[in-house]
Amino acid sequence: MTTSVLVVEDEPAILELVAINLRHAGFQVIRATSAEEADAVIRNELPDLLVLDWMLPGQSGVSFAQKLRGDERTRELPIIMLTARVHEEDKIQGLEAGADDYVTKPFSPKELVARVRALLRRRAPHLAGEAVEVGSLSLNPATHRVLAGGQPVELGPTEFRLLFFFMTHPERVYSRAQLLDEVWGDHVFIEERTVDVHIRRLRAALEASGHHERVETIRGTGYRFNGA
């Protein structure tokens with residue numbers, strides 16, 4: 001489950017620099033050179049985070065950020081603004097337009113990667129790539145390993161993503177439709193009952209350790225992960 005970052009930058013050298021460093025850090029990188037191109041990418045598939053240059057041909061990064069914040073589908077998309085503008089009023093304008101963070105050029109690639117990780121921890125902790133634990137159940141997205149009481153648990157890729165989502169969003173009830181959007185993606189069109197199949201597989205894999213009871217069915221509503 002690779003976290004995707006859309007980088008919107010019209011300067012080829014900077015775009016390449018950012019993309020290489022993010023890929024080396026384990027992120028899937030999608031490139032765009034204008035707001036219009038980025039908009040087409042986002043309409044097709046929502047990325048997990050956006051690195052957005054201020055000065056772009058056509059629509060500016062600031063204007064594009066405002067547009068994204070005004071759309072319900074992209075309102076919560078984490079955004080880092082990348083720009084040569086260094087004045088305080090520029091930073092305020094970028095943040096007020098909807099950016100979560102602001103990085104000025106020239107920048108350290110390592111710092112940018114660190115800011116991407118920090119923003120994901122704040123806005124989308126399930127995508128930050130860090131291990132999570134609930135009781136004696138632990139999941140490491142980097143190594144794709146799940147342990148229950150120190151013993152390995154074999155999961156298919158969908159069950160792994162489902163468990164990861166549950167462990168990072170405990171105690172909240174999710175409908176089948178919400179789980180499809182969150183785990184499968186908001187552009188995947190499959191039957192809601194598919195969720196039930198994977199829930200059964202997940203419970204079966206966790207049964208030996210007793211953690212299957214954490215995946216609770218809320219009648220008439222959906223499912224909840226008991227993190228107590």
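In this predicted model, five strands make up an open sheet in the order β2-β1-β3-β4-β5, and their pairing is parallel. The edges of this sheet are taken by β2 (28-32) and β5 (101-104); each has a single partner strand, so one side of each is left without a neighbour in the sheet. From one strand to the next, the twist averages 20°. Further in, strand β1 (residues 4-8) pairs with strand β3 (residues 49-53) in the parallel sense, over four bridges. A handy place to look at this pairing is V5, which stands opposite L49 in β3.

Within helix α1 (residues 12-24) sits E16, a residue that is partly exposed, with a relative accessible area of 32%. Leaving aside residues up to four places away in sequence, E16 touches R23 and R31. With R31 the link is also polar: a contact of 2.7 Å joins the side chains of E16 and R31.

A second sheet is built from four strands. This sheet is open, has the order β6-β7-β8-β9, and its pairing is antiparallel. Here β6 (132-134) and β9 (151-152) stand at the edges with a single partner strand each, so one side of each is left without a neighbour in the sheet. Between β7 and strand β8 (residues 145-148), the antiparallel pairing extends over four bridges.

Helix α6 lies across β6, β7 and β8, running at about 115° to β7. Its twelve residues reach 17 Å from the first C-alpha to the last, close to the 16 Å expected at 1.5 Å a residue. Ten of the twelve residues of α6 are buried, so the helix is largely enclosed by the rest of the structure. The buried set consists of T158, E159, F160, L162, L163, F164, F165, F166, M167 and T168. For a sense of distance across the model, M167 can be set against E16: these two residues are 151 residues apart in sequence and 35 Å apart in space, C-alpha to C-alpha.

Helix α8 (residues 194-206) has 13 residues and spans 19 Å between its first and last C-alpha, close to the 18 Å expected at 1.5 Å a residue. Its buried residues are V195, D196, H198, I199, L202 and L206. Viewed down the axis of α8, these residues fall within an arc of 165°, so they line one face of the helix. As for partners, the buried residues of α8 pack against several elements: β7 (137-140), α6 (157-168), α7 (176-184), β10 (215-218) and β11 (222-225).

Taken as a whole, the protein has eight helices and eleven strands. Its C-alpha atoms fill a box of roughly 55 × 35 × 25 Å along the principal axes. Of its 228 residues, 44% count as buried. Among contacts with a separation of 6 or more, 57% are between residues 24 or more positions apart.

Methods. Residues are numbered from 1 along each chain as its sequence is written. This is a predicted model: local features need pLDDT of at least 70, side-chain atom pairs count only at pLDDT 80 or more; totals for chains, interfaces and linings use all residues. Side-chain values use heavy atoms; hydrogens and water are left out. Helices (H or I, at least four residues) and strands (E, at least two) are DSSP runs, numbered from the N terminus. The expected span of a helix is 1.5 Å times one less than its number of residues. Buried means under 20% relative accessible area, exposed over 50%, partly exposed in between (1.4 Å probe, protein chains only). The arc is that of the directions from the helix axis to the C-beta atoms. Contact means heavy atoms within 4.5 Å. Two strands pair if DSSP finds at least two bridges between them. Axes are lines fitted to C-alpha atoms, for helices over the stretch in contact, and angles run from 0 to 180 degrees between N-to-C directions. A polar contact is a pair of N or O atoms within 3.5 Å; within protein, one must be able to donate a hydrogen and the other to accept it, and residues adjacent in sequence count only if both atoms are side-chain atoms.
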